[in-house]
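Welcome, and thanks for taking a look.

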Amino acid sequence: MAADTTMSNGQETASLNGEPATKRPRDSEEVESLRNPRPPQNKVTVVLGAQWGDEGKGKVVDLLAMDADIVCRCQGGNNAGHTVVVDSVEYDFHLLPSGVLNKKATSFIGNGVVIHLPGLFEEAEKNLKKGLEGWEQRLKISDRAHIVFNFHQAVDGIQEQQRQQQAGKNLGTTKKGIGPAYSSKAARNGLRVCDLVSDFSIFEEKFRMLAGHFQTMYPKLNIDVDAELQQLKVFAEKLRPLVTDGVYFMHKALTGPSKKILVEGANAALLDIDFGTYPFVTSSNCTVGGVCTGLGVPPSHVGRVYGVVKAYTTRVGVGAFPTEQDNEIGELLQSRGREFGVTTGRRRRCGWLDLVLVRYAHMVNGFTAIALTKLDILDTLPEIKVGVAYSVDGKPLPSFPANMDVLTRVSVTYETLPGWCCSTEGVRNFEQLPPQAQDYIRFIEKFLQVPVKWVGVGKSRESMIKLF
């Protein structure tokens, strides 16, 4: 029923069903402060991959996490792999944020992440043996995060087999169940952490329905529903103390007392489900937009965005790769850079730095600055090439192509720069780098119009040279 609004004695009264209701005039100072809000108190700093992953994001995150209060993961699952070396101990992270090594920081797994619980606890156990203590006290998990089940992983493998049989090529997934779990999320029959830690009998009913759905779609799928439910019941108890309302947790962190909040991107720009080299991509948004949707962070609270760029280019699995060097140069980069996947152990394909691709990643992410990693791998090369333009059938391409059939046909225009032919591994400031290495960095900055803030010349924390 419509309200009848009248003015009485300078105040607004509304009569609904004939009963008057008086509103107090709002305090003018309060109104003024609402209309002119202060800038956000806390902003998140974001670290993102700018190529096809494996750029060394873990090391940059580790560097920034040392004085962070909160370190977050916002997307992906245990298909990601970050290696961090501390005091000669090598830690491998897939689901846990790398920041969990900082005993003073809270690690947070956001709603955009898909979580395989056996993988999470196994990873924690492995790193515990290496010296990662008290992680349970420092970890929070969003109640809205979706769960990857064992049958999602089995389906991932079946789907890859089918692609191979039908089209003669697969996507090169990690077979960790990430795609099928995100498919369940989009189909709205997925199950979340909040379901698991609530009434288990209701969870069980939904789980059996979901398992049945996949068995109908894939008759060869072998699921031991009862065994997995037993396992999940145990995990529910281990998980319960870690679970929190992620939206409220992030809101409190962003609007409360001053805090340094770091977001650790998984995968990379060219693997993004929307902006990557589709279909050879992952199933989530690994560009900056995934920070907002995967954590519940308003865009106004996104601060610095650091892009991590390897000094050359690598790619795991199949898909177009314009600057790939399937020759002795590629082999040298592969062996010197020890280019094997952290998650799958697969040999990475290697090639020259592709600045067309990195510029495209910058267009999507708006990098504040860049961390250039693994510069030392180029130490032995007498000359170094950098991809600066694409053309197809002799015609220049104005932008990075969406169509993969086009990308596989591009010719790359290279700029050839002199190498430095000496070791940079012991260098700890920019001025000590060989002039040719300095020129290489300056060339990248000038092309991208983005400053290089860090340069990596080795595996340890100390080998990240800070420029400003």
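A crossing of helices is left-handed if the near helix is turned anticlockwise from the far one by less than a right angle, and right-handed if clockwise. By that rule, helix 3 passes helix 9 in a left-handed crossing, whereas helix 13 passes helix 15 in a right-handed one. Please keep in mind that this is a predicted model, in which local features need pLDDT of at least 70 and side-chain atom pairs count only at pLDDT 80 or more, while totals for chains, interfaces and linings use all residues. Residues are numbered from 1 along each chain as its sequence is written, and side-chain values use heavy atoms, with hydrogens and water left out.

**Helix 3 with helix 9**

- Helices (H or I, at least four residues) and strands (E, at least two) are DSSP runs, numbered from the N terminus.
- Helix 3 covers residues 117-129 and helix 9 covers residues 225-239; their axes come within 10 Å and cross at roughly 55°.
- Axes here are lines fitted to C-alpha atoms, for helices over the stretch in contact, and angles run from 0 to 180 degrees between N-to-C directions.
- Helix 3 and helix 9 are therefore oblique to each other (under 35 degrees counts as roughly parallel, over 145 as roughly antiparallel, 65 to 115 as roughly perpendicular and the rest as oblique).
- From helix 3, Leu117, Pro118 and Phe121 meet Gln231, Leu232, Phe235, Lys238 and Leu239 of helix 9; contact means heavy atoms within 4.5 Å.
- This contact of helix 3 with helix 9 divides into 6 nonpolar, 1 polar and 1 charged residues (Ala, Val, Leu, Ile, Met, Phe, Trp, Tyr, Cys and Pro count as nonpolar, Asp, Glu, Lys and Arg as charged, and the others, Gly among them, as polar).

**Helix 13 with helix 15**

- Helix 13 (residues 355-365) packs against helix 15 (residues 435-448) at an angle of about 50°, and their axes are 10 Å apart.
- That angle makes helix 13 oblique to helix 15.
- Helix 13 brings Leu355, Val356, Val358, Arg359 and His362 to the contact, and helix 15 brings Phe443, Ile444, Phe447 and Leu448.
- By class, the contact of helix 13 with helix 15 holds 7 nonpolar, 1 polar and 1 charged residues.

**Salt bridges**

- A salt bridge is a side-chain nitrogen of Lys or Arg within 4 Å of a carboxyl oxygen of Asp or Glu, and by this rule the count comes to 18.
- Arg144 and Asp245 meet in a salt bridge at 3.3 Å, N to O.
- Arg144 lies in the loop between strand 10 (139-142) and strand 11 (146-147) and Asp245 in the loop between strand 12 (243-244) and helix 10 (246-255), so the pair ties together parts 101 residues apart in sequence.
- Glu237 pairs with Arg240 in a salt bridge, with the closest N and O atoms 2.7 Å apart.
- Glu237 is exposed at 52% relative accessible area, while Arg240 is partly exposed at 33% (buried means under 20%, exposed over 50%, partly exposed in between, with a 1.4 Å probe and protein chains only).
- Lys310 and Glu339 form a salt bridge, their closest N and O atoms being 3.0 Å apart.
- Lys310 sits in strand 14 (residues 302-310) and Glu339 in the loop between helix 12 (328-336) and strand 16 (349-351), 29 residues apart.
- Both Lys310 and Glu339 are buried.
- A network of salt bridges links Asp54, Lys310, Glu339, Arg348 and Lys374.

**Val85**

- Val85 is found in strand 6 (residues 82-86) and counts as buried at 18% relative accessibility.
- Leaving aside neighbours within four places in sequence, Val85 is in contact with Glu90, Lys459 and Arg461.
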